[in-house]
Every structure is written in C-alpha cells, then in structure tokens.
Amino acid sequence: MVPESRDSRCPHCGGPLPAAAQEGFCCAGCRFVHDLLREEQLERYYALRGDKGEAVTAAATGRDQKWLEPLEAALGRAEGLHRLDLDVQGLSCAACVWLIEQLFRREEGAAGIVVNPALGRVRLTVSRAFPLRRFVTRVESCGYLLGPKLKSEESPSNGLLLRMGIAVALAMNEMILAISVYAGLPEGPLHRLFLALSFALATASVLVGGSYFGKTALAGLRRGVLHLDLPIALGILLAYASSTWGWLAHGLTTYFDTLTVFVALMLVGRFLQMRLIERNQKRLLQSDGAEGLYTRRLEGDAVVLRRAVEIRKDDTLVLAPGDVVPVPAVILGEDDASFSLDWVNGESAPRLFHPGDTVPAGAFLSGVRALTLLAAADFAAGSLVDLLRAAPGEGRDERGAGYWRTFARVYVAAVLAIAALALGIGYFATYDARAALERVTAVLIVTCPCAFGIATPLAYELVGARLRRAGLFVRSASFLDRAALVRTVVFDKTGTLTTGKLRIEDTSPAAALAAEEKRILKNLAARSTHPKSAALAAALGTDGFSRELDAREVTGRGVEVTHEGHLYRLGASAWIDPAAPEGDADVAFGKDGRILAAFHTVEDLRPDAATEVRALRAMGYDVGILSGDLDERALRVAAVCGIPPENTVGGKSAEAKVQWVREHDRGDLLFLGDGINDALVATEATASGTPAIDRPFLAARTDFYLVTPGLSPVRLALASARRLRRVVGITLSVALAYNVVTVGLSCAGYMTPLLCAVLMPLSSLSTIFAVLFLLGEKVPAAEAAACPLPPQGARLRAA
C-alpha cells in the first residue's frame with residue numbers, strides 16, 4: 001500500500017490519505033464532491049456523517065440515462081402531483097439521506113420526498129415542472145447513483161425476523177414454566193398443566209422455527225446436496241419427537257425448554273448471517289440485465305426509444321455520444337467515428353472505425369456527433385445476451401462448500417450412531433425401556449449443533465462487518481468459505497489495477513514552448529473529448545481559455561485550429577508530420593506541419609496496486625493479469641506491479657477469458673474485473689469481485705464489490721477468510737469437547753433436564769465468547785505476512 005500519514009485524512013471521506021494524494025484528497029472523486037458541497041453550502045453533511053465516510057469511486061459522468069426518458073414522458077403527462085419511485089445506490093448513513101433531501105428541496109416543483117436507506121429507494125412527489133434529469137444529475141455528481149425501480153420490497157430476512165421474534169417469545173415463556181418445575185413444583189394438576197403448556201409452546205416453536213430449517217434441508221436433499229441445515233433440522237425433529245414420546249408414554253420430565261431455546265438461537269444466528277448479505281446487496285442498484293438496455297431506432301421519419309431486446313437485423317440505429325452499441329452494427333454515412341472498447345476488451349484508448357466497418361456490440365460512441373448504424377444481427381444472436389444474462393443463483397454459493405457438506409454428513413451419521421448406542425446401553429444396563437428412552441432423548445438434545453448454528457454465523461458477521469468498514473462488501477453467503485481456498489489471484493488491467501484514466505508521464509516538453517504556443521496547446525487540449533487530450537488538459541491546466549479560437553475536432557486524428565495564419569494541431573505525430581519517426585510519444589502538438597512538443601501517456605495505477613500485488617505474492621499467492629487490452633500494455637502494467645511476464649495474458653476476448661479461467665482454475669482462483677467482458681469470467685471463477693459499482697450488471701455477478709480507491713481490502717478479505725476458518729475450527733473443537741462430555745453423561749444416565757438446561761447455554765456462551773475473543777480485535781496488518789501460504793510452485797502461464 002502507498003505509505004500513509006497517520007495524521008492525514010481525506011477531507012471528504014475521512015479515510016487515510018496516501019502519500020500520492022490528489023491535492024489533499026484520497027481520490028479525484030472525493031475532491032470533486034467536497035468542492036461541490038462547499039459551493040452548494042451543504043457542509044452540514046460532514047457534521048451529520050461523523051468522522052468516517054466512503055470514498056467517491058462511482059463516476060456517473062457520461063452514464064447512460066435513457067432509462068429516464070419513459071419517466072420524464074409520464075411526468076410530462078401528469079396532472080397535479082405525480083409520484084416517482086427510484087432506486088438509489090450508495091446510501092450509508094443519515095448524512096446521505098439529508099443530502100439527497102436537501103438537493104430535492106432546491107428544485108422547482110418538489111413537493112415531498114421519502115428516502116428509504118434500508119431498501120435503497122427514494123420516493124418523490126413532484127409536479128410537472130420538476131426537472132427530473134437535473135435532479136438525477138446533481139445527486140449522481142455527489143457520488144450516488146439513481147436508477148429505475150427494480151429492487152424487490154420483499155426481503156427473505158423479514159420473514160425470518162418474524163419467525164425469530166416468535167421463537168424468542170416462546171422460549172422466554174417456556175423458561176418461566178421450566179423454572180417452576182426445576183424449583184421443585186410437586187406432582188399434581190399444576191405440574192401436569194405446566195408440562196402440557198411446555199409441550200404446546202415447544203410444538204409452536206418447532207412449527208414456526210424448526211420448519212424453516214426443515215424446508216431448506218429438504219430443498220438441499222432434492223438437489224442432491226447435504227445442506228448445513230440438515231443436522232439442525234434433524235436434531236430439532238428427533239429431540240422434539242423423543243421428548244414428546246417420553247412425556248406422553250412415560251410421564252418423563254421433558255427437554256422442551258432446552259429445545260425452544262435452541263430453536264430461538266438457531267434463528268438468531270441465521271438472521272445475522274442473512275441480514276449482512278442482504279444489506280450489502282441492496283446497497284447497490286439492481287441489475288436488470290438485457291431488459292434494461294435501451295437504444296434509439298429509426299422508424300420511418302421518427303427516432304423512437306426501444307429496448308435493445310427488440311432490435312432486429314437491418315434496423316437503423318441512431319446513437320448519441322456515450323451510447324452503447326447493442327448489436328454488431330455497420331457504420332453508415334461518410335464520416336469516421338471513434339468508439340471506446342473498454343467494456344468489450346479492456347482497451348484503454350478509443351479505436352477509430354471507418355464507414356462500412358462493423359462495430360462490436362458493447363462499444364461506446366466516444367465522438368462528439370450522433371451516428372447512424374445498420375444492425376448486422378438480431379439482439380438475441382449478439383454477444384451482449386450472454387454478457388448481460390441473469391446473475392447466478394444459489395448454485396454459486398455451493399462452490400467451496402465441500403467442507404460443510406462433509407461436516408454435515410459426518411455429524412448426522414455420528415448423532416444417529418450415538419443415539420442408537422445410547423439406546424442399547426440404556427436398555428441392556430437397566431432392561432427398562434423408559435430409562436433407555438431418557439438417555440436417547442438426552443443425547444439428541446445435547447448434540448444439537450449450537451456451535452455452527454449461532455457461534456459460526458456470529459463469526460461470519462464479525463468478519464463481514466470488518467470488511468464492510470474497510471470498503472469491501474460481501475454479496476455471496478459462501479464467499480468467505482471459498483476465499484479461504486484461494487491460492488491464485490487474477491486481475492483485469494484497465495479499471496481494476498489501473499484507474500482506467502490516462503496521465504501525461506512528463507510535461508516538460510510544454511515548458512519549452514513560447515507563451516502563445518502554450519496557450520493554444522491548452523485550448524486545443526481543453527476542446528478535445530479524446531482521453532489523451534483530457535489527460536494533457538489535466539496536466540497543463542485549463543487557465544487562459546479563449547473563446548475566439550475556433551477549434552475543429554478531426555475524428556480519429558485530433559483537434560486543430562487556424563490562428564493568425566498558422567495551423568496548429570494536437571493529435572497523433574503522423575497526422576502533424578507524416579515524416580516524423582515513430583517513438584514512445586503518442587500525442588504531439590505541432591505548428592504548420594512541424595512538431596513542437598511530444599508527450600507520452602501512461603495509465604494511472606490505483607494508489608496501492610503495485611504494493612498490494614507485491615504483498616499478495618509475498619503471502620504466497622500466485623498473481624496474474626488477464627486482460628482484453630493489448631499484450632504490450634498489459635506487460636507494461638505487470639512490470640510496474642511486479643507480476644512476471646509469464647503470468648500476464650492480454651488480447652483476450654470475453655469468451656477467451658472464460659476458457660482461460662476454466663483451464664487454470666482448480667477451485668482456488670479469485671478474479672477481479674470491471675468491464676462487460678468480465679461478466680462471464682466473474683461467474684466462472686471460484687470467487688470474483690469488482691471495483692465497478694457504477695455497473696450493476698457486473699456487481700450482481702460477483703461475490704464482493706469495493707468502494708475504495710485502492711485494492712487493500714482484497715488482501716484483508718483473503719487474510720480474514722483464512723483466519724475465520726481457523727476460528728471456526730477452534731469453535732467446532734470446543735463444541736466437540738462439550739459433546740464428548742455431555743454425550744458421556746447422557747449414555748451413562750446422569751443427564752437430567754435441569755443439568756442440560758445449564759450445560760447447553762454454557763456451551764453456546766463458550767463458543768460465542770471464543771469467537772468474540774479470537775475475532776474481536778482488529779486483524780493486524782502483518783498477520784497475513786506472518787501466515788504465508790505453503791509453497792505451491794508456478795501455477796499461471798500466459799498460454
């Protein structure tokens with residue numbers, strides 16, 4: 001990681017300030033939003049937020065907003081007040097809610113607003129005069145993202161919360177009755193009434209709480225999977241059945257109280273586990289896949305907005321600057337056009353296409369003029385269908401679950417075997433069926449798996465919360481299990497290891513220019529939309545802007561202006577001077593066919609990319625690059641980060657990336673990417689993540705996403721996953737020791753309901769305290785280095 005100053009914090013997000021900070025901020029996004037809030041006199045945001053916020057990593061600039069057009073049309077037809085429901089991404093505290101409310105109230109026609117941070121939704125009540133697009137743009141300029149209403153208001157954890165509340169209430173009432181019996185309530189009508197009430201409460205608890213685990217266990221069995229809920233469901237069922245039989249047939253004092261407490265604890269643990277994942281998922285916009293992609297089609301003399309899925313071969317498409325090409329399409333007309341292929345193959349620089357050329361699906365029009373294209377295929381036959389297909393379901397969470405499947409299988413078999421052994425010992429020792437039944441019931445109760453029902457979910461919650469504070473949000477329930485198995489980490493290049501933006505490596509050639517030449521250079525750079533010109537403008541500044549300079553952009557070549565009889569150009573060296581020798585400089589400034597200054601652009605790495613890659617390699621991970629960009633550019637970034645050339649793969653299409661992962665992933669590969677060409681790879685790899693939270697279609701397919709400018713949370717996640725596995729192992733060892741003792745007491749006939757009511761909570765508390773003690777303190781920064789992976793040899797090859 002880039003060295004940090006202990007006393008330096010980003011003025012906007014409050015995060016650590018890298019040594020290479022941009023004008024006192026951790027990233028350009030934080031700097032922009034901080035200045036915007038000051039200009040809008042919204043500094044109270046910082047007082048409401050507290051000491052720590054989140055870095056602004058989602059760049060909404062140039063984001064496709066065609067989804068707004070149907071909403072604007074409905075608003076324009078509205079009479080009186082109109083209600084709009086929008087999803088919002090990035091809400092993290094009360095300050096976020098306050099800021100969006102303040103931006104809303106400053107607009108004309110704003111009548112009412114309700115922001116729901118739990119669901120990530122904002123409800124607007126507005127009149128026809130409300131400037132919806134302006135409001136969306138202003139909110140997104142503050143680092144949030146808005147989108148159409150797609151998130152479901154129904155949450156699985158809400159139903160679980162209701163079950164948990166009922167189960168806890170039943171357990172509390174059950175314990176009141178049990179205390180009376182344990183305190184010495186004599187035999188008689190009141191004693192029998194209390195036992196009957198205990199049975200009723202336990203039955204309700206099993207129906208309300210136990211049925212949840214039974215359904216999930218049966219669902220797993222139907223898929224041929226031994227779900228972790230199987231031993232929990234089996235323990236509840238057998239314990240309830242044996243306690244009921246013992247009470248009805250033999251009048252035994254029952255374990256109903258312990259059973260109801262167990263059900264309540266299991267539901268609490270499951271709720272903790274599910275709520276963390278749901279909260280992280282709802283924080284982002286929901287991906288609507290191909291259905292959410294719009295384009296404009298020429299129909300007669302009218303240009304009509306259509307869903308991309310409706311596009312057919314030979315349709316005429318009309319693209320505005322920044323629009324995505326939904327299907328392979330041929331350029332019409334006589335003008336060249338520049339397209340960004342960042343999402344398609346990760347190329348950092350736009351590519352020039354000529355009339356008659358076929359532009360691939362997923363490319364973005366990066367010029368300044370609208371363009372017409374002829375669709376070369378139906379949307380259903382295009383590559384975007386696979387790239388935007390629905391996100392995987394639970395099947396992904398079953399990867400890496402072999403440990404828990406084995407545990408569940410062994411645990412269930414052991415419990416049944418021990419119960420049969422207890423039955424045999426009890427009967428042949430006493431020749432009394434009642435005494436044998438008491439021992440079986442005791443065994444089934446004491447072996448209920450408290451350790452992984454409450455302590456293990458707590459451990460996952462603690463680790464997930466720590467990663468959340470570090471800027472990594474887990475989306476898949478089994479990610480931490482799979483992360484503990486990871487031995488190979490593969491990065492996409494553009495937008496993942498790099499920021500996706502270009503930077504001028506050396507601006508000294510500009511210093512040698514005359515004052516008038518330098519002024520014209522700045523003006524040309526400020527007037528061009530090309531990323532290289534934007535990098536030059538950022539490096540030189542935009543002061544001295546002159547309106548009288550009538551610059552003209554030449555698509556695919558550069559920008560030029562005629563001033564006082566001289567022709568000035570900014571662009572490729574060969575365009576300025578065809579006789580210029582080829583060199584490292586990729587952007588030049590010239591006058592009348594003579595080059596005055598030449599510059600070399602480089603991709604900016606993320607602040608800590610090189611350090612984090614080296615730290616991962618020092619830990620024993622095999623690290624590589626898998627990119628769609630050119631080999632030369634991929635190798636250049638690899639050299640800076642310390643990645644061996646043989647671990648660097650460039651020039652791969654989306655399908656080729658998937659094939660490469662299939663050949664190299666042995667159930668231990670983590671992939672990080674950010675482009676549409678990474679969507680298939682993200683679902684194929686054992687584990688995956690993304691820093692591209694402004695692209696819901698990709699985040700919806702990964703196990704985690706990042707909200708930090710750097711990559712350090714990835715290393716923290718891998719180290720935390722390994723630590724979590726060790727802690728869970730210790731917890732299960734404590735539970736095993738408890739079971740050995742209690743099973744011995746049960747088989748010997750010394751276990752009583754009162755003793756069980758004391759020992760079982762002690763077992764749960766001991767495992768909980770063990771988890772809190774082992775995971776409660778912060779993960780030391782040097783812990784990963786102190787626990788390197790075992791040597792594994794070279795794993796990746798560029799082939």
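## The largest nonpolar core

The largest nonpolar core holds 92 residues. Such a core is a set of buried Ala, Val, Leu, Ile, Met, Phe, Trp, Tyr and Cys residues joined through side-chain atoms within 4.5 Å. Buried means under 20% relative accessible area, exposed over 50%, and partly exposed in between (1.4 Å probe, protein chains only). Phe-491, Leu-497 and Leu-670 touch the most other members. Helix H26 (residues 712–748) gives the most to this core, with eleven residues. Helices here are DSSP runs (H or I, at least four residues), numbered from the N terminus.

## Model and confidence

This is a predicted model, where local features need pLDDT of at least 70, side-chain atom pairs count only at pLDDT 80 or more, and totals for chains, interfaces and linings use all residues. Residues are numbered from 1 along each chain as its sequence is written, and side-chain values use heavy atoms, with hydrogens and water left out.

pLDDT is the predictor's confidence in each residue, from 0 to 100. The protein chain averages 80, and 85% of the residues score at least 70. Over residues 1–6, pLDDT stays under 50. The model has 17 contacts (heavy atoms within 4.5 Å) for residues 1–6 beyond four places in sequence.

Helix H21 spans residues 609–619. Its buried residues include Glu-612, Leu-616 and Met-619. Gly-620 follows H21, with a positive phi near 110°.

Phe-769 is found in helix H27 (residues 753–775). Phe-769 counts as exposed because its relative accessibility is 53%.

Technical notes. Helices (H or I, at least four residues) and strands (E, at least two) are DSSP runs, numbered from the N terminus.
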